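Me: I have a structure to go through with you. Can we take the whole chain and then a few residues?

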Amino acid sequence: MNASLQALAQSMSPEDQQRLQSVYAPRVVAVPPSNAWMDMCMMPDGEIRCYGHHEEERVYLSSRDGGLSWKEFSVPDKSRMCSALRNPDSGRWISSYYVEGEGGFQGAEMPTPPAGAHGWQAVLSDEGPGGSVSWVKISDLDVRCPRYPLALRHRKRILICANLHETPMRPVVARTDDDGETWSVSCLESAPMHEIAWPHQGYRWQNGACEATIVEREDGSLLMLARTSQDYHYQYESFDGGETWTSPKPSVFHGTLTMPTMLKMSGGEILTFWCNTQPLPELDKTKIWPPLNAGEISGLAGEDVFTNRDANHCAISYDDGASWKGFRELLLNPIRNASDFRTRGGNAGCLDKSVHQFQALELPYGKVLLACGQHAHSRKLLVFDPKWLLENGREEDFHEGLLNVSTQVYLKSVSGNLRVRSGHCAWNRTNGALLMPDPDGNFEEALYIRANPDPLLFRQMQGVAWNFPAAMAGQAEILLRTEGEGVSVTLTDRWFNPCDATAGKLSPYHYNLDAAPVPKKTWFRLTLRWNVCQCQILLDGAPFVHLDAAQAFPNGLSYLLIQSQEESRGEQGTYVKHLSMKAL
């Protein structure tokens, strides 16, 4: 445990210590004043600060009880140091920014730069947040989105990662061995560009590789994960302290056009925060109305819509990244079903209404504080215990409504980047599957799933996506009742949109109950028992269907999708009363 963590633990009252120790599952504790990036830091006395702004006013939230409660303070002098890394060897505070052009694009609060400053700049302070600063040029390279610095443990070196502002983007790593006075820079290769192939009819936004995160392994080697336009984050490795890096290759983490973040805990375990989500297939962007511009159509200057930023996740490794456990949802976007999603809250300091983007701090007693999300209506500060990731089961009976599941579907909406009113690569939504009265008339409710032919919808398919702790072998049970139109069931390793008709084709196990000889108008229990090779489906405990794995799942399965047919036949739908999962 580092000195700041010790100071925080010692400064907390016995009551606050007990409250923090009792935290287990993710608990939302505040709304940060700006989107998550690198605005959070811990002071030497254990105070936690989270910087941000309200319109033109700079503020920070302060917590002295391990993130459980917060108080806001104004920052009238904008020349002072904001959030930064404290070098554990010297005590000097270090951060970096790209000055001019899109200087504050990344959402981080930046001290006022000196007149004439330009390029990638390091900000240094011996006083820390709230103190005076000096500026040192890192490079004249045109970079964007510098990440929070990393202090290496195996050598006295600070690393900062950013991305070159070119097409395709690629990571660039700056390093200093003299406390920020001088810097060297290494430029890495880009990940591959996105290509049009099934199921896509158009290009994704061509990000290359950007918003990279770095963690130091126990042997001193470095692992980097980067955001890409592919179905996976790509990874790089360095074995010389960040001077040279391997060529990029797909990591084990599904993720598209979203930021990953890694955190090394004092006990040696590594946490990865990311959106384990699959966007809807790209459309033929030449046929979208109102029409997109040339950059959005080609993917070279923007996306048409983000449909994978409403669920974020965490996994943990106890063997330096050789294997990972958990893959659990930390937060579902609280406005994921909003019919005014595109414009809700206006710009409010950030265009994107998502729960992607992360910054994490270790807390006493092995707890973690996470800042995540972008827009004020979506972003949160939350505290949780990583041991929660290791649970071996989950149940859902909808007693909290639809709080723990994803059911959103999309309304026909304006696509593309900011036009006329606020809204950025976003579609309006509505609830798909809904809670309806139990057909038994017992005053209970059940989730009702049926294709909806409403012409206002982007697609007729409805459904539900439910997350559970990842398992290589496990058993999921569904209590359901089919009134006419049946459903399909899918076991998979990532979040899919409930209305994504390609989910079953891209997953290890998928079965369509619609034409199967299952009971009608009566409740029955469907059991899906899987391992790495096969899935046995049982109906009320009796063998029913055998499936072979359509693809490998090296991290285990962590999602159950129940979906309607792609198009309505005018029949009644299916009720779902209870979901459960346990690892075997």
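This is a predicted model: local features need pLDDT of at least 70, side-chain atom pairs count only at pLDDT 80 or more; totals for chains, interfaces and linings use all residues.

Me: How many helices and strands in the chain?
Reply: The chain has three helices and 41 strands. These are DSSP runs numbered from the N terminus, H or I of at least four residues for helices and E of at least two for strands.

Me: Why call it as compact as a globular protein of that length?
Reply: Its radius of gyration, taken over C-alpha atoms, is 24 Å, close to the 25 Å that the globule rule gives for 584 residues, so the chain is as compact as a globular protein of that length. The rule is 2.2 Å times the number of residues to the power 0.38. Along the principal axes, the C-alpha atoms fill a box of roughly 75 × 55 × 45 Å.

Me: How much of the chain is buried?
Reply: Buried residues are 62% of the 584, where buried means under 20% relative accessible area, exposed over 50% and partly exposed in between, with a 1.4 Å probe and protein chains only.

Me: And contacts, what share join residues at least 24 apart?
Reply: It is 65% of the contacts between residues at least 6 apart in sequence; contact means heavy atoms within 4.5 Å.

Me: What caps its N-terminal end?
Reply: Asn2 does, with a side-chain oxygen 3.1 Å from the backbone nitrogen of Ser4.

Me: Now Lys264. Buried or exposed?
Reply: Lys264 is buried, because its relative accessible area is 13%. It sits in strand 19 (residues 261-264).

Me: Which side chain does Lys264 make a polar contact with?
Reply: That of Glu218, at 2.8 Å. A polar contact is a pair of N or O atoms within 3.5 Å; within protein, one must be able to donate a hydrogen and the other to accept it, and residues adjacent in sequence count only if both atoms are side-chain atoms. A polar atom of the Lys264 side chain also lies 2.8 Å from the backbone oxygen of Glu216.

Me: What else does Lys264 touch?
Reply: Not counting residues up to four places away in sequence, its contacts include Arg153, Glu269, Asp320 and Glu362.

Me: Where is Asn417?
Reply: Asn417 is in the loop between strand 28 (408-410) and strand 29 (429-431). At 18% relative accessibility, Asn417 counts as buried. Its side chain makes a polar contact of 3.0 Å with the side chain of His424.

Me: Last one, Asn555. Which loop is it in?
Reply: The loop between strand 39 (542-548) and strand 40 (557-563). Asn555 counts as buried because its relative accessibility is 14%.

Me: What is Asn555 in contact with?
Reply: Leaving aside neighbours within four places in sequence, Asn555 is in contact with Val252, Phe327, Ala470 and Met472. With Val252, the backbone oxygen lies 2.9 Å from a polar atom of the Asn555 side chain.

Definitions and conventions. Residues are numbered from 1 along each chain as its sequence is written. Side-chain values use heavy atoms; hydrogens and water are left out.
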